[in-house]
Amino acid sequence: MSEKTDVTLTINGKDYAIAVEPRRTLADAIREDCGQTGTHIGCEHGVCGACTVIVDDAPVRSCLMFAVQAEGKAIRTVEGLADGDKLHPMQQAFMDNHGLQCGFCTPGFLMLAVGVLEREPNISDEALIDVLSSNLCRCTGYQNIIKSVRAAAQEMRK
């Protein structure tokens, strides 16, 4: 058994002082040690994107990052998107355009899309489809997700 290391994770602006084994993934630390269960763990191999969070303004697969690597970085999860009762434009667009499927992959899609649009607000449709294809939705398909992200992109540019 490995010794635990003290780390402080800053998630959605709040500090969480935890002790983790060096090999503990950021996804597990966010969910189990910090109690932020909106981040889902799918394949645990970085393939599905269900665990996507934003670290220092970039979408990352939290199952591929160790918690100790995230110390000192700003982590944003789906719990941090809404402003009180007001949904983030991406969340609202997913609701309005039926982008929500079973909900398992949705937090990863939301965080991926928000991270990409914050960096590249005028992303082309072709590039957007390419980016979104990196996350897997096993329920139905991508048409309503793409429609939702396009609607949110317009709202976020205002």
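Modeller: Ground rules before we start. This is a predicted model, where local features need pLDDT of at least 70 and side-chain atom pairs count only at pLDDT 80 or more, while totals for chains, interfaces and linings use all residues. Residues are numbered from 1 along each chain as its sequence is written, and side-chain values use heavy atoms, with hydrogens and water left out.

Biologist: Okay, what makes a set of residues a nonpolar core?

Modeller: The members must be buried Ala, Val, Leu, Ile, Met, Phe, Trp, Tyr or Cys, joined through side-chain atoms within 4.5 Å. The largest one here has 24 residues, and Met 90, Phe 94, Phe 109, Leu 132, Ile 145 and Val 149 touch the most other members. At least two residues each come from α2 (89-96), α3 (106-119), α4 (125-132) and α5 (143-157). Of these, α3 gives the largest share, 8 residues. Apart from this core lies another, of 16 residues, including Val 7, Ile 30, Cys 34 and Ala 67.

Biologist: Which residues does Met 90 touch, not counting residues up to four places away in sequence?

Modeller: Leu 110, Ala 113, Val 114, Leu 117, Val 149, Ala 152 and Met 156. Contact means heavy atoms within 4.5 Å.

Biologist: Why are α2 and α5 called oblique to each other?

Modeller: Their axes are 8 Å apart and the angle is about 140°. Axes are lines fitted to C-alpha atoms, for helices over the stretch in contact, and angles run from 0 to 180 degrees between N-to-C directions. Under 35 degrees is roughly parallel, over 145 roughly antiparallel, 65 to 115 roughly perpendicular, and the rest oblique. The pair is therefore oblique. Pro 89, Met 90, Ala 93 and Phe 94 are the α2 side of the contact, and Ile 145, Ser 148, Val 149, Ala 151, Ala 152, Glu 155 and Met 156 the α5 side.

Biologist: How does that contact of α2 with α5 split by class?

Modeller: It has 9 nonpolar, 1 polar and 1 charged residues. Ala, Val, Leu, Ile, Met, Phe, Trp, Tyr, Cys and Pro count as nonpolar, Asp, Glu, Lys and Arg as charged, and the others, Gly among them, as polar.

Biologist: And how do you know that α2 is oblique to α3?

Modeller: Those axes come within 10 Å and cross at roughly 130°, which makes α2 oblique to α3. Met 90, Gln 91 and Phe 94 in α2 meet Thr 106, Phe 109, Leu 110, Ala 113, Val 114 and Leu 117 in α3.

Biologist: Why does Thr 106 count as buried?

Modeller: Buried means under 20% relative accessible area, exposed over 50%, and partly exposed in between (1.4 Å probe, protein chains only). Thr 106 has 6%, so it counts as buried. This residue sits in helix α3 and touches Phe 94, Leu 100 and Gln 101, not counting residues up to four places away in sequence.

Biologist: What makes Glu 44 exposed, and Asn 12 partly exposed?

Modeller: Glu 44 is at 53% relative accessibility, so it counts as exposed. Asn 12 has a relative accessible area of 30%, so it is partly exposed.

Biologist: What is phi of Asn 12, and of Glu 44?

Modeller: Most residues other than glycine have a negative phi. Asn 12 has a positive phi of about 50° although it is not a glycine; it lies in the loop between β1 (5-11) and β2 (14-20). Glu 44, also not a glycine, has a positive phi near 60° and lies in the loop between α1 (26-33) and β3 (52-55).

Methods. Helix = DSSP H or I, 4+ residues; strand = E, 2+ residues; numbered from the N terminus.
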